[in-house]
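User: I am new to this structure and would appreciate a guided introduction through questions and answers. Please begin with the way its elements pack against one another.

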Amino acid sequence: MAEAKKMMESPEFKNQMKKLEKSKEFKEAVKKTGDMMKDPAQAARLEAQMEHMLKRGQDSLKKNAADSMTEAMGAMSEDPAVMAEAMKMMKDPDFQKNMAKMAEDPAFKNYIGAMQDMMKDPETKKRMEAMTQQFKAAM
């Protein structure tokens, strides 16, 4: 989020946006969008499309989060060096601060929600509990 904010505040980005706003294509697209939104049937269709796209995006996020977690769990359970590195990171106060800060980010909260969905799978829950025990033993 900080990177996006930094980018949007840059003079180069602001100049690009000013050029875009003045372009004929942009003005036509804004007018066309306004006209479409005046038609209730068209507005309903667009809303349904956006809801569908949002749902697909959320599903994709969950799948990607699950894939990432599965890969990380596999790496930690198969390679003691990866587990040791993870333990080292977990003990680092700076890492803990960064994790606490990330936990406040809405995007990260969505990621955590995807992880919670994963925990509904008995096999995944069993693997996660085993890893938790490994972490506790190592600490």
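User: At roughly what angle do the axes of helix α3 (residues 24-38) and helix α4 (residues 40-78) cross?

Analyst: The model is a predicted one. Two packed helices are described by the angle between their axes and the distance between the axes. Here the axes of α3 and α4 come within 5 Å, and the crossing angle is roughly 105°.

User: Is α3 roughly parallel or roughly perpendicular to α4?

Analyst: Angles of 65 to 115 degrees count as roughly perpendicular. The axes cross at roughly 105°, which makes the arrangement of α3 and α4 roughly perpendicular.

User: Which residues make the contact of α3 with α4?

Analyst: By class, this contact has five nonpolar, one polar and one charged residues. From α3 come Met36, Met37 and Lys38, and α4 supplies Pro40, Gln42, Ala43 and Leu46.

User: How are α4 and α5 oriented, roughly parallel or roughly perpendicular?

Analyst: The axes of α4 and α5 come within 5 Å and cross at roughly 110°. An angle of 65 to 115 degrees falls in one class, and therefore α4 and α5 are roughly perpendicular.

User: Which residues of α4 and α5 make their contact?

Analyst: The class count for α4 with α5 is six nonpolar, no polar and one charged residues. On the α4 side are Ala75, Met76 and Glu78, while the α5 side consists of Pro80, Val82, Met83 and Ala86.

User: Which element gives the most to the lining of the largest pocket?

Analyst: The largest pocket has a volume of about 500 Å³. Of its 19 lining residues, the closest to the centre are Met69, Ala72, Met76, Met90 and Met99. Two or more lining residues come from each of α4, α5 (80-91), α6 (93-103), α7 (106-118) and α8 (122-138). With five residues, the element that gives the most is α4.

User: How many residues in the lining of the largest pocket are nonpolar?

Analyst: The lining holds no charged residues and two polar ones. The nonpolar residues number 17.

User: What is the radius of gyration of the protein, and why is the protein described as more spread out than a compact globule?

Analyst: The protein has eight helices and zero strands, and its C-alpha trace spans about 65 × 40 × 25 Å along the principal axes. For 139 residues the globule rule gives 14 Å, and the protein's value is well over this, so the protein is more spread out than a compact globule. The radius of gyration is 22 Å.

Notes:
Residues are numbered from 1 along each chain as its sequence is written. This is a predicted model: local features need pLDDT of at least 70, side-chain atom pairs count only at pLDDT 80 or more; totals for chains, interfaces and linings use all residues. Side-chain values use heavy atoms; hydrogens and water are left out. Axes are lines fitted to C-alpha atoms, for helices over the stretch in contact, and angles run from 0 to 180 degrees between N-to-C directions. Helices (H or I, at least four residues) and strands (E, at least two) are DSSP runs, numbered from the N terminus. Angles under 35 degrees count as roughly parallel, over 145 as roughly antiparallel, 65 to 115 as roughly perpendicular and the rest as oblique. Contact means heavy atoms within 4.5 Å. Ala, Val, Leu, Ile, Met, Phe, Trp, Tyr, Cys and Pro count as nonpolar, Asp, Glu, Lys and Arg as charged, and the others, Gly among them, as polar. On a 1 Å grid over the protein atoms alone, a cavity is a set of points where a 1.4 Å probe fits but cannot get out, and a pocket is an open set with protein on both sides within 12 Å along at least five of seven lines; lining residues have an atom within 4 Å of a point. Grid points are joined across faces, edges and corners, and a volume is the space filled by probe spheres set on the points. The radius of gyration is taken over C-alpha atoms; the globule rule is 2.2 Å times the number of residues to the power 0.38.
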